[in-house]
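Here's a quick tour for anyone meeting this structure for the first time. Have a look at the sequence and the model, then read on.

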Amino acid sequence: MRVSTLGIIGGTGWLGGALAQAVLETGFLRAGSLFLSNRSGRHPLQASGAQLLIDNQAVVDASDTVVISVRPEQFSELTLDASGKRVISLMAGVTSQAIAEATGATVVVRAMPNAAVAIRQSFTPWHCSSELTPAAVAFVQGMFGCVGMASRVPTEQCIDYLSALSGTGPALPALLMAALMRQAVAAGVPEDIAQDAARGVVVNASQLLATTEPHALLDALKAYKGVTAQALQSLEDAGFERLIGDAVHAGAEVARRGM
Ligand SMILES: NC(=O)c1ccc[n+]([C@@H]2O[C@H](COP(=O)([O-])OP(=O)(O)OC[C@H]3O[C@@H](n4cnc5c(N)ncnc54)[C@H](OP(=O)(O)O)[C@@H]3O)[C@@H](O)[C@H]2O)c1
């Protein structure tokens, strides 16, 4: 069977670069099947054997599947003829229709990884309105499986919404950790201890959620009717869930209307 070839336009950026490295290191693709492009000629994967090209069309021509991983505002600078190709866009806020119109791609997949591709812990929802063969589904799932977990979602609207949820990756936990740290320091806790305590909660203790449902964990902790229960109640009384919902909706609105 002929080996699939993959091109990544923007293949040296945060997402594109991490994806390129992961598909090689996991053995999903061999280096000769991977083509990358950027404008600068900077090639962090030079030693790997993956080819870096400055001509985006050459990447498209060499590849069965083309990943577009430039920033949304850089998309209009691309001139691509991807007729007959499968294009997978990682861009937030650029619709499948706009991608199909601009590239002529036969099949357009929109996917939304997050910054944790760098540690291969992304959750990547993806959507494709075309019917895909089992082999094509396996390719998309397998490729994103190299950087974490992936799931096909039923509508493109899900991608816009999830852009502001899983697409934000570490942003919400980082906000929580920063708030916990600042508030602890304001309450008189030494700064280094505040940082360790906040990281211990956000990064370490949260690992329990890998195997426990959040509601079960919350119920168990609230049952002590003590310190944790009071802190949680205070957040709930202040409308925590509504605030989170509003925040994700605000981000999703940007994804829906485009950047
Ligand atoms: N980072 C995230 O957390 C995140 C999360 C979800 C989705 N996304 C989406 O992922 C996409 C990429 O984001 P990123 O964070 O990886 O951006 P990034 O680090 O800025 O990477 C962009 C890449 O595109 C290249 N590039 C720009 N213009 C180009 C052109 N005309 N031709 C070829 N290459 C070009 C850049 O290299 P040169 O400058 O050398 O050209 C760079 O390698 C975005 O569309 C974003 O919406 C990102």
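Gly200 sits in helix 7 (residues 191-204), where helices are DSSP runs of H or I with at least four residues, numbered from the N terminus. This is a predicted model, so local features need pLDDT of at least 70 and side-chain atom pairs 80 or more, while totals for chains, interfaces and linings use all residues. Residues are numbered from 1 along each chain, and side-chain values use heavy atoms, leaving out hydrogens and water.

Gly200 and Met177 are 23 residues apart in sequence, and 9.5 Å separates them in space, C-alpha to C-alpha. Leu180 belongs to helix 6 (residues 171-186).

Here is how two of these residues compare with the solvent-facing cut-offs: partly exposed lies between buried (under 20% relative accessible area) and exposed (over 50%), using a 1.4 Å probe and protein chains only.

| Residue | Relative accessible area | Class |
|---|---|---|
| Gly200 | 22% | partly exposed |
| Leu180 | 35% | partly exposed |

Helix 1 (14-25) and helix 10 (240-257) are the elements giving two or more residues to its lining. In total 40 residues line this pocket, and Leu15, Ser69, Val70, Arg71 and Pro72 lie nearest its centre.

Technical notes:
On a 1 Å grid over the protein atoms alone, a cavity is a set of points where a 1.4 Å probe fits but cannot get out, and a pocket is an open set with protein on both sides within 12 Å along at least five of seven lines; lining residues have an atom within 4 Å of a point.
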